[in-house]
Amino acid sequence: VQLVESGGGLAQPGGSLRLSCAASGFTFNNYVMSWARQAPGKGLEWVSAISSDVRNTYYADSMKGRFTISRDNAKNTVYLQMDSLKPEDTALYYCAKHLTNSYASGMDSWGKGTLVTVSS
């Protein structure tokens with residue numbers, strides 16, 4: 001399993017970024033995928049998940065209405081569109097594969113992360 005995140009960088013408060021995660025080494029369209037993040041000095045925080053068939057998406061409360069998760073099973077890629085960014089969104093963002101096709105299953109594989117910094 002390989003997960004490679006990209007798209008991080010510096011954004012101004014209120015700005016937007018789109019993260020991508022390219023997956024390989026497994027049958028991508030069989031698994032739920034998630035994004036999680038770790039802010040400086042803090043623990044890991046789950047951000048969002050998407051079902052294998054794209055029909056269902058899930059968000060942490062603080063991201064609802066600002067972040068949008070999507071996936072392209074033909075390209076083995078999952079995305080995170082982040083709008084209305086806040087300084088507290090500054091973190092290392094990780095892509096993760098779930099154990100099964102169930103949202104309730106844990107995450108068993110992680111990328112190395114892409115850094116998002118929100119600052120004026």
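Predicted model: local features only at pLDDT ≥ 70, side-chain atom pairs only at ≥ 80, totals over all residues.
**Rings, a disulfide and a core**

Reader: Happy to dig in! Which residue lies over the face of Phe28?

Author: A charge counts as sitting over a ring if CZ of Arg is within 6 Å of the ring centre and within 35 degrees of the ring normal. Here the distance from the ring centre of Phe28 is 4.3 Å. Phe28 also belongs to an aromatic cluster with Phe26 and Tyr31. The residue over its face is Arg71.

Reader: And which ring has Arg18 over its face?

Author: This is another arginine placed over an aromatic face. Arg18 lies at 4.0 Å from the ring centre, and the ring is that of Tyr79.

Reader: Are the rings of Tyr58 and Tyr103 stacked or edge-to-face?

Author: The model has 5 aromatic pairs. In the pair of Tyr58 and Tyr103, the ring centres are 3.9 Å apart and the planes lie at 10 degrees. Planes under 30 degrees apart give one class and planes over 60 the other, so this pair is stacked.

Reader: How many residues apart are Tyr58 and Tyr103?

Author: Tyr58 is in strand β6 (residues 57-59), whereas Tyr103 is in the loop between β9 and β10 (107-110). Tyr58 is partly exposed at 27% relative accessibility, and Tyr103 is partly exposed at 35%. The pair links distant parts of the chain, and the separation is 45 residues.

Reader: Which residue is joined to Cys21 by a disulfide?

Author: The structure holds 1 disulfide. Its sulfur atoms are 2.1 Å apart, and the link is left-handed, with -75 degrees about the S-S bond. Cys21 sits in strand β3 (residues 17-24) and its partner in strand β9 (residues 91-98), 74 residues apart. The partner is Cys95.

Reader: Is Cys95 buried or exposed?

Author: The cut-off for one class is under 20% relative accessible area, and for the other it is over 50%.

Terms used. Residues numbered from 1 in each chain as written. Heavy atoms only, no water. Disulfide = S-S within 2.5 Å. Helix = DSSP H or I, 4+ residues; strand = E, 2+ residues; numbered from the N terminus. Phe/Tyr/Trp six-rings, centres within 6.5 Å; stacked < 30°, edge-to-face > 60°. Buried < 20%, exposed > 50% of the residue type's maximum accessible area, 1.4 Å probe, protein only.
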